[in-house]
Amino acid sequence: MPVNHIHFLPIVTEKEMFSCLVVMFVLFCSSIADENSIRDADIFPSSPEIERGSTLKLFCVLGKHYTPHRNASHIIWKLNHELIAQENYNIVNETVSSITIHNFTYSKAHVKCFTKYLGKEQLLVHTEVKSGFPPDTPGNISCTYYFEAELNCTWTSGRETNLMTNYTLYRKMMTSPNVVASCQSKTESCSFYYPNAPYSSAFCFQVKAENVLGEASSDCVPIPMEKIEKFEPPEILSVKKITGIKQLLTVTWKMPEKIIPSQDSTCQIQYRNLYSNSLEFVNVSLNSQEKTGSCNLTGLWDSTEYFVAIRCISDQSVLWSEWSRGKTASTEEKAPSEKVDLWRVIESSHSAGIRSVHLMWKPLNSFPPSGRILGYKIQYFPENNAAFKMANISTDRKIILLLNEEAYIISITAYNSAGNSPEAILRIPSTDEKTSQIIETVRTFRTNEEVVVEWTASEPEVTKYVVEWYEEMEMDPFGRSWQYVSNSTHWKTNRKNFKPFICYNISVYPVYGNKVAAPYSIQAYIQEKQPSEGPVADTGIPGKNEVIIKWKEISKDKRNGFITNYTIFYKPEDGKELNETVNSDVLQYRLKSLQANTQYTVYIMASNEAGGTNGEPKTFKTLKFNKEDVIFIALPIGLSMLFLLGLWITCILKKHTFKKVCWPDIPNPAESIAVEWPLDASMNNSFLKGASSEAKTIDFEDISVLEHCFPEESQEGSLLMNCENHVSECTDINTKGTINGDKKILYNKENEVAKCFSPSMPYIITDQDIRSQMPSALTPAKEIQPMEMLEDDLCESQQSAIKNEENDNEVLKLDDFSEKALFNPYLKNSVKTREFLISENLPEHSKTEPKSQSTVLPPFQQNISGQSYVTLDMFGLASAH
């Protein structure tokens, strides 16, 4: 028959045999229990508590749900997630498995029961096991009795049991042991409260401790109630001074009401001043009838605040009450006995010669202090006019005075309810007053805990100095610190008075009497670190092989120390980084020997004693050519251009001179007095007018002028003068020689000539010229253009005609006189040739004129007074109708 519900008792010790029998009975009863009440699994005992070091035995029971597929052989055990060895297992029957653990030393552990079937583990049930010790005998019983309030006792329990332990306090009457009162507690104290706490001197006290492993009881200790009485703290009624009596305070207090009657008591007064931590005590005895107490505290400091507290005790008790609430009070004041510590900062004069003088002072340094300062009196007057005294009152320890440029005497006194302090006097020098430099050198150095300032003075009779220090960025004059030094040239202070990484201005002032001489000032860092940021580089305009690097100083609040040097790092693209180091006062540097047309990266590092910090990098590119290269290339070009410009300007300015030298002016025969010239006929321009009215006329572009250039601009537009029928009227022309029959002398019927010839100048027409112009005469003539012709075109035509003459090797031959007689040397260079093309539209009679005619001027005698000069021109006249 299967067991449905069985509980097993672990066998721990032989002393618990009876408990095991009970467990077996429970298991037997559970075997016949209703099947519906059976769980799937169970563990027994549940949450056991055993003695540490003993043997632990547990049982795990399978429910009906797991049978018949599983049995006790499938059960495994774990202790705190660790598998327990199989040798500790025991199969009780098909559904029950037990585990035995020897020398169990865990204070607390979890034991779990699993089934392992087909390689899978399934948790069935678990329990928590505690181990501990049986209680020790309680000891050191002590009690405190508050009359008609509470009786509290405490004890020591010995070693820790690690198990739940209960304590019982028994209060027994020594004369009647059966009269017992008790209280229970789970801690090491227990109390009886009124009215269950009567007063009696015949009680004894006993403590019993017990847990699952056992129990222990102390002896009954007799404790008289009057010995353990403890008062409630007394109440201080007042702590006050007595007017007119210095260095004294009176303290009064009230005793607590719940005190055992007919017992005297003692009270203790504790007091201390607020400037010191040392305590002083005074004891005062009171009889049982006194409900209040009083005491005078003497020998105190003047004008000093004190803290007072009181406690009391019964004369038969051994327990003091707790300290009462404290109270404070001040002793009678006296007038301040010390001068204020006075200093000043003088600003430069404002408009109208007014300057600001910042006065500041420290609290009185007398100890003990004279009392609460009510205010400060400031008096000042010009040094040369003591009657003109002014006064101010200040409750603060600083003031600003507006003084003129004179020297002033200033005095300050502190006052309280008892009087004034001695005067602190300081002299303010006039603005034009100069003092000698007494301090020669000042230096500072640091130790682990202090800052030391030392100086040397040129006048040893000066024995008093002021050391002033403040942050460099501090703009408020009242933010300065100072200290007077007497009979020493050495001063030191705690490093805590200075901030690290901050620059300080330190000055030493000599003081003699009430006068302050010129200071000696230095700057110092108490501790340095590398700068917070680096300089920003500015490259400016690079050159070919150099560049100027500029930078600004780092702001003072980011230097963190004295800048010792700057290092310029520069690196060409794909090259090696180089550097240059300069002193801290250099803010620009010229980098030389750079590569041309190369990009560089540059940055600057600022360094102090603690290290260096790099600035932001910047890039620049050197030039391909420098200024010298550009000048070398541009200078010749510029000089050449200047030379050409100067030559052109010279030609413009000297144009007339060049014309006179190269092409001198030719006298106009028309103005000669040797012969009278018929000018009216020659000035007739009907030929040109008629030509312009026809569709096909003579084209002056075909005119060739056989001359290098006209003599003057006034003659560049000279016109044709004469037509053929007027030539005989103007001059006596001899015609000689034979002209080629294929050529003709062209003329028009209106006897007009072109405007471009001189109106009074005769011309000689040669055979050679007519022959050279015939090909042109055979072509249709173009329309006559405006009469203004460019000089260069005319000159070119002339030069072409002259060239043709030279090629034909034909010269003008005149009968009856030689070459020398024919051409004057002056007139030789003025020969002109004019050509006109024969228009195809000319009438037939014009085209059938004799082909060969020469019209020649009569011979002239050379060197004859009044002889007229004649210009020999060869031209052809064309007539158009």
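## Close-up views of a predicted model

**View A. Strands β10 and β11 run side by side in the antiparallel sense, joined over six bridges.** In this predicted model, strand β11 covers residues 150-156, and Y146 stands opposite E150 of that strand. Strands of a sheet pair through backbone hydrogen bonds, and the pairing may be parallel or antiparallel. The two strands belong to an open sheet of three strands, whose order is β10-β11-β14 and whose pairing is antiparallel. Its edges are formed by β10 (139-146) and β14 (189-193), each of which pairs on one side only. On average, and with direction ignored, neighbouring strands of this sheet are turned by 15° against each other.

View B. A disulfide is a covalent bond between the sulfur atoms of two cysteines. Here the sulfur atoms of C143 and C153 are 1.9 Å apart, and the link is right-handed, with 105° about the S-S bond.

**View C. C183 and C190 form another disulfide, with an S to S distance of 1.9 Å.** C183 counts as buried because its relative accessible area of 9% is under 20%, and C190 is likewise buried, at 8%.

**View D. C267 and C312 are joined by a disulfide with 2.0 Å from S to S.** Because C267 lies in strand β20 (residues 265-273) and C312 in strand β23 (residues 305-314), the pair ties together parts that are 45 residues apart in sequence. The torsion about the S-S bond of C267 and C312 is about 100°, so this disulfide is right-handed. C267 is buried with a relative accessible area of 0%, and C312, at 1%, is buried as well. The structure holds five disulfides, and, when bonded cysteines are counted along the chain, they follow the pattern 1-2, 3-4, 5-6, 7-8, 9-10.

**View E. The largest nonpolar core holds 27 residues.** Those that touch the most other members are V340, L359, W361, I378, L401, I410 and I412. Several strands give two or more residues to this core, among them β25 (341-349), β26 (355-362), β27 (375-382) and β38 (503-512). When residues up to four places away in sequence are not counted, L401 touches R355, S356, V357, L359, I378, Y380, N392 and I410. A second, separate core consists of 24 residues, including I50, I101, A109 and L124.

Notes:
Residues are numbered from 1 along each chain as its sequence is written. This is a predicted model: local features need pLDDT of at least 70, side-chain atom pairs count only at pLDDT 80 or more; totals for chains, interfaces and linings use all residues. Side-chain values use heavy atoms; hydrogens and water are left out. A nonpolar core is a set of buried Ala, Val, Leu, Ile, Met, Phe, Trp, Tyr and Cys residues joined through side-chain atoms within 4.5 Å. Buried means under 20% relative accessible area, exposed over 50%, partly exposed in between (1.4 Å probe, protein chains only). Helices (H or I, at least four residues) and strands (E, at least two) are DSSP runs, numbered from the N terminus. Contact means heavy atoms within 4.5 Å. Two strands pair if DSSP finds at least two bridges between them. Axes are lines fitted to C-alpha atoms, for helices over the stretch in contact, and angles run from 0 to 180 degrees between N-to-C directions. A disulfide is a pair of cysteine sulfur atoms within 2.5 Å.
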